[in-house]
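Here is a briefing on one protein model. Look over the sequence and the fold before reading the points below.

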Amino acid sequence: DAGQGTSYVYRVDTTNQTIVPDLTQYSYDASANVAQQKATYDPSTQCWVIIYRDIDNSNQGHYVIGQLSGNTTTPTISYGSVQTFQNSIMNPSVFFNPQTDKVIVSYVDVTSSGNAKTITGRIRPATMDIEWDTPDTISTSSCDFPAIGFNTNDNTFIIAYEDVTAGDSFVQPLQFAGTTTTTNALQWVGIAKTVSPNVELFKQGDVVTGLSLSQGLPVYVNYDGTLTQTPNEDV
């Protein structure tokens, strides 16, 4: 179909342990010559992002947001409009960061001497688009084939790329602003000490599991039920 961007729905039949294709073709860009398309899923918005290079439009970096509707028997894909996130790109990759609920895209910026760059953005399902942040330059050399992945052990992205100028390949970690998320469940105004026969609250000067409660000092409860006065940024 002249290189247009199309997609299909595949569902898993868990009873028969098979993959069942829906042979309906869903087009997300019927006018472009699509190349190097990549996709990722955002479970927080139940949307996915397709990133690609439009060969017939000055190699622009385009994206579309898609959503599934219907049911498992008759699924339907709906797409937002085609959007541009970069004027001219090569070799895009896309990944979803569950720590920040943002997508991150790595690509070669053809308009900037072939620099390897990344850009992050948050999906807006109401408008079916992405609110993009400012791009980050990874390498100022002429680069090719950047690929990106998420290291869940230390909440860091790993990017690999070929430095054409140096004639070598590189792998480096990337820590983006805002990618650390506290694992404290809530910040509490008051904490119940007893519930029966009367509700009694901890008060100023009390000690809670080794923590001294002081006015103006927040107390956090961790997911394991322990308390702390320090926001926990460990995984």
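A salt bridge here is a side-chain nitrogen of Lys or Arg within 4 Å of a carboxyl oxygen of Asp or Glu. By this rule the model holds 3 salt bridges. The model is predicted: local features need pLDDT of at least 70, side-chain atom pairs count only at pLDDT 80 or more, and totals for chains, interfaces and linings use all residues. Residues are numbered from 1 along each chain as its sequence is written, and side-chain values use heavy atoms, with hydrogens and water left out.

**Overall make-up**

- The protein has 22 strands and 0 helices. Both are DSSP runs, numbered from the N terminus: helices are H or I with at least four residues, strands are E with at least two.
- Of its 235 residues, 39% count as buried. Buried means under 20% relative accessible area, exposed means over 50%, and partly exposed lies in between (1.4 Å probe, protein chains only).
- The accessible surface comes to about 13100 Å², and carbon and sulfur atoms account for 50% of it. Areas come from the Shrake-Rupley method with a 1.4 Å probe; for residues, only the protein chains shown count as cover.
- Take contacts between residues at least 6 apart in sequence: 39% of them join residues at least 24 apart. A contact means heavy atoms within 4.5 Å.

**Salt bridges**

- Asp109 pairs with Lys117, and their closest N and O atoms are 2.9 Å apart. Both residues are buried.
- Lys102 and Asp133 also form a salt bridge, at 2.9 Å from N to O. Lys102 lies in strand E9 (residues 102-109) and Asp133 in the loop between strand E11 (129-132) and strand E12 (136-139), so the pair ties together parts 31 residues apart in sequence. Asp133 is partly exposed, at 28% relative accessible area.
- Arg124 joins Asp129, with the closest N and O atoms 3.0 Å apart. Arg124 is partly exposed at 35%, whereas Asp129 is buried at 13%.

- Strand E1 (residues 5-13) and strand E2 (residues 18-29) pair in the antiparallel sense over 8 bridges. Two strands pair if DSSP finds at least two bridges between them.
- Gly5 has Asp29 in E2 as its bridge partner.
- The hairpin leaves 4 residues between the two strands, and Gln17 in the turn has a positive phi of about 55°.
- Tyr8, Tyr10, Val12 and Ile19 form a nonpolar surface patch with about 470 Å² of accessible area together. Patches are made of residues with over 30% relative accessible area and no salt bridge; like charges are joined within 9 Å, and nonpolar side chains (Val, Leu, Ile, Met, Phe, Trp, Tyr) within 5 Å.
- E1 gives the most to this patch, with 3 residues. Tyr10 sits in E1 and is exposed, at 55% relative accessible area.

- On the E3 side, 7 antiparallel bridges pair E3 with E4. Lys38 has Ile51 in E4 as its bridge partner.
- E3 and E4 form a hairpin with 4 residues between them. Gln46 lies in the loop between strand E3 (34-42) and strand E4 (47-54). Its phi is positive, near 55°, and Gln46 is exposed at 57% relative accessibility.
- E4 also runs antiparallel to strand E5 (residues 60-70), joined by 7 bridges. Val49 has Ile65 in E5 as its bridge partner.
- The E4-E5 hairpin has 5 residues between its strands, and Ser58 in the turn has a positive phi of about 60°.

**A positive phi inside a strand**

- Most residues other than glycine have a negative phi.
- Asn91 is not a glycine, yet its phi is positive, at about 50°. Asn91 lies in strand E8 (residues 89-97) and is buried, at 13% relative accessible area.

**The E13-E14-E15 sheet**

- These 3 strands form an open antiparallel sheet in the order E13-E14-E15.
- Strand E13 (143-151) and strand E15 (168-174) stand at the edges with a single partner strand each, so one side of each has no neighbour in the sheet.
- Strand E14 (residues 156-163) is joined to E15 by 7 bridges. Ala160 stands opposite Val171 in E15.
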